[in-house]
Amino acid sequence: MQRGTRTATYETSPNIALVKYWGVRDPARALPYNSSLSVTLERLRTRTRVEFVPGLDRDEFRLNGRPAAPAATAAVAGMLDRVRDAARVTDRARVVSRNNFQTASGLASSASGFAALAGAASAAAGLRLSPQRLSQLARFGSGSACRSIFGGFVEWRAGRRADGRDCYARPLYPPRHWPDLVDLVALVAAAPEKSVRSAVAMQASVETSPEYARRLAEVPGRLAGIHRAIARRDSAALFPLIMEECDSFRLVCETTRPSLDYLTATSREILTAVRDLNTDTGRPVAAYTHDAGAHVHVFTLGRHVRAVRARLRSIRGIERTLLLHAGTGGRRI
Ligand code: ADP
Ligand code: DP6
């Protein structure tokens with residue numbers, strides 16, 4: 001291996017999808033069927049240090065101060081193998097990572113985790129990848145990780161090419177584009193552990209959900225509408241579209257065989273509370289969305305946070321709420 005930098009540290013944040021990635025057209029190249037769009041979240045951070053060590057006999061991975069589980073270490077080694085191949089490096093690596101928020105609890109630690117790993121490993125191996133190329137690497141760890149390379153509002157373009165060259169994430173607007181927009185994350189108590197990995201679950205949806213094809217046909221129009229509403233900072237246009245997209249994702253999950261149900265009774269009460277708030281106010285002041293998990297993200301504007309909180313207060317089973325703005329993306333430390 002070449003001399004020079006062998007250690008690098010990179011940090012970034014998880015993201016929440018407003019337009020969901022759900023299903024791949026080419027699993028080997030990790031190419032999705034549809035483009036997706038997300039907001040990178042402030043404050044929640046993953047910091048990862050990678051060091052290639054001559055003589056080490058296998059990759060080591062410590063996560064949050066402890067040796068990681070074998071499956072998590074194997075996933076990290078898979079990403080390191082890609083980097084080693086590209087950089088013609090043979091040394092094994094010591095990887096140390098820390099999430100400053102709960103791991104594997106539905107807050108997308110896998111997205112920030114694999115984005116941070118891609119950033120740190122490629123730099124440590126001496127690869128000088130552009131952010132776009134970095135996003136193309138990160139998606140092999142976890143699809144949504146490609147969006148966590150960038151801050152603010154981010155699009156992952158599905159592309160059309162069979163070789164995947166036109167499939168990458170790109171920043172649409174920086175974090176400060178819309179300071180008034182906030183994500184009130186309702187952390188739901190007793191959120192069940194995911195029984196099926198997203199990669200497996202989404203392919204089951206592709207193969208068995210009678211709603212999948214319709215969703216796929218609708219997504220480009222919805223993505224364009226969401227993009228336009230963000231460009232204009234138009235919450236009255238944006239909020240209904242966010243919920244429509246989330247409902248479409250949930251319908252696909254529910255009609256998958258066997259059915260995928262990520263929500264708890266508490267999550268469902270939150271969705272109802274947001275719908276009721278909008279009805280009672282006579283205009284869309286908030287929007288819910290969720291990923292493949294029970295926590296619910298409620299997007300609203302700063303001036304409506306009190307009203308949203310008041311609606312959520314009576315719901316049992318919300319453990320905690322986090323008030324987050326759009327945040328910065330990946331950076332080398
Ligand atoms: P989440 O909602 O937090 O993404 P998942 O169960 O989908 O939950 O993914 C959690 C998995 O992601 C962990 O078990 C681990 O394999 C991986 N992961 C989490 N954090 C990191 C990290 N900082 N570095 C590398 N992998 C990570
Ligand atoms: C519902 O990116 O976690 O959160 O590629 O299998 O790691 P893998 O899947 P992952 O799936 C994300 C699904 C989603 C929607 C999204 O974030 O776009």
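Helices here are DSSP runs of H or I with at least four residues, numbered from the N terminus. By that rule, helix α4 (residues 198–208) gives the most to the shell around ligand 2, with three residues.

This is a predicted model, in which local features need pLDDT of at least 70, side-chain atom pairs count only at pLDDT 80 or more, and totals for chains, interfaces and linings use all residues. Residues are numbered from 1 along each chain as its sequence is written, and side-chain values use heavy atoms, without hydrogens and water.

The shell takes in residues with a heavy atom within 4 Å of the ligand. Around ligand 2 there are 14 residues, and Tyr21, Ser142, Gly143, Ser144 and Arg147 come nearest. Domain 1 (6–173) and domain 2 (181–324) both supply shell residues, so ligand 2 lies between them. The domain bounds come from an automatic or database domain assignment.

Three side chains make polar contacts, meaning pairs of N or O atoms within 3.5 Å.

| Side chain | Distance to an oxygen atom of ligand 2 |
|---|---|
| Serine 142 | 2.7 Å |
| Serine 144 | 2.6 Å |
| Aspartate 291 | 3.3 Å |

The protein covers 88% of the 450 Å² of accessible area that ligand 2 has on its own (Shrake-Rupley method, 1.4 Å probe).

A cavity is a set of points on a 1 Å grid over the protein atoms alone where a 1.4 Å probe fits but cannot get out; lining residues have an atom within 4 Å of a point. The volume of the largest cavity is about 40 Å³, counted as the space filled by probe spheres set on the points.

Technical notes
Chains lettered and ligands numbered in written order. 1 Å grid on protein atoms, 1.4 Å probe; cavity = no way out; pocket = protein on both sides within 12 Å on 5 of 7 lines; lining within 4 Å. Polar contact = N/O pair within 3.5 Å; in protein donor to acceptor, adjacent residues only side chain to side chain. Helix = DSSP H or I, 4+ residues; strand = E, 2+ residues; numbered from the N terminus.
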